[in-house]
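Please find below a colleague's note for a reader who is meeting this structure for the first time. The points are numbered so that each can be checked in turn.

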Amino acid sequence: PSFESSSSDGVLEVVVQSTGSISSQFSASVGNCTAAVAPVLEQQATLSAGAVQAFRFSVHVESKQALQNRCVVVLKNGLGVVVDSKAISFQTTATATTTGNQGSSSGTSVISGSGGSSISTSGCSGCAFWNPVCMIL
């Protein structure tokens, strides 16, 4: 399935099974990706003989365009020797953006606090630089 570019919704799950007869350490990495794919951290796990392990990687695409992306998943043993690799591809959709109302239409907003007090931000354009109310707003 695809996910939206520039979102944090991308998850790559890599499932491996140990074929050895003893417990061994493995590392899984995602690399050699197309340019828009942000670097992905390597993960490690110790697998018992015949055990299955799912590595879950967060994938972020640094583009707002719909793209066809590619990476290579590499599995290494505890000595750092590549024992398997697989090229993968995935689709990202264009980032949906809107330019809706970004504030009040009059240019004046009022922030109400407890005790019935309020601060109006409409008059701060001419405030002196030392006025802490205007510095915050």
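This is a predicted model: local features need pLDDT of at least 70, side-chain atom pairs count only at pLDDT 80 or more; totals for chains, interfaces and linings use all residues.

**Notes on the model**

1. The structure holds one salt bridge, a term used here for a side-chain nitrogen of Lys or Arg within 4 Å of a carboxyl oxygen of Asp or Glu. The two partners are E13 and R56, whose side chains meet at 3.4 Å, N to O. Because E13 lies in strand 2 (residues 10-17) and R56 in strand 5 (residues 52-59), the pair ties together parts that are 43 residues apart in sequence.

2. Residues are numbered from 1 along each chain as its sequence is written, and side-chain values use heavy atoms, with hydrogens and water left out.

3. Buried residues make up 26% of the 137 residues in the protein.

4. As to the overall order of elements, the protein has one helix and nine strands, and along the sequence these follow the pattern β-β-β-β-β-β-β-β-β-α. Helices (H or I, at least four residues) and strands (E, at least two) are DSSP runs, numbered from the N terminus.

5. The count of aromatic pairs comes to two. Rings of Phe, Tyr and Trp (its six-membered ring) pair if their centres lie within 6.5 Å, and planes under 30 degrees apart count as stacked, over 60 as edge-to-face and the rest as tilted. The rings of F3 and F90 have centres 5.9 Å apart and planes at 15°, so this pair is stacked. Since F3 belongs to strand 1 (residues 3-4) and F90 to strand 7 (residues 82-93), the pair ties together parts that are 87 residues apart in sequence. F3 counts as buried at 11% relative accessibility, and F90 counts as buried at 14%.

6. Turning to F55 and F57, their ring centres are 6.5 Å apart and their planes stand at 25°, so this pair is stacked. F55 counts as buried, with 1% relative accessibility, and F57 likewise counts as buried at 1%.

7. Which residues are joined by a disulfide? The count comes to one disulfide, meaning a pair of cysteine sulfur atoms within 2.5 Å, and this link joins C33 to C71, with S to S at 2.1 Å. The link of C33 and C71 is right-handed, with 115° about the S-S bond. The pair links distant parts of the chain, with C33 in the loop between strand 3 and strand 4 (43-47) and C71 in strand 6. Although C33 and C71 are 38 residues apart in sequence, they are 4.0 Å apart in space, C-alpha to C-alpha. C33 is partly exposed, with a relative accessible area of 25%, whereas C71 is buried at 4%.

8. The loop between strand 3 and strand 4 also holds A38, which counts as buried at 11% relative accessibility. A38 and H60 are 22 residues apart in sequence, yet 5.6 Å apart in space, C-alpha to C-alpha.

9. About 310 Å³ of space lies in the largest pocket. On a 1 Å grid over the protein atoms alone, a pocket is an open set of points where a 1.4 Å probe fits, with protein on both sides within 12 Å along at least five of seven lines, and lining residues have an atom within 4 Å of a point. Grid points are joined across faces, edges and corners, and a volume is the space filled by probe spheres set on the points.

10. The lining of the largest pocket has 22 residues, of which V15, V16, Q17, L75 and D84 lie nearest its centre. Strand 2, strand 3 (24-31), strand 6 (67-77) and strand 7 each supply at least two residues of this lining. The lining divides into ten nonpolar, nine polar and three charged residues, where Ala, Val, Leu, Ile, Met, Phe, Trp, Tyr, Cys and Pro count as nonpolar, Asp, Glu, Lys and Arg as charged, and the others, Gly among them, as polar.

Key. Buried means under 20% relative accessible area, exposed over 50%, partly exposed in between (1.4 Å probe, protein chains only).
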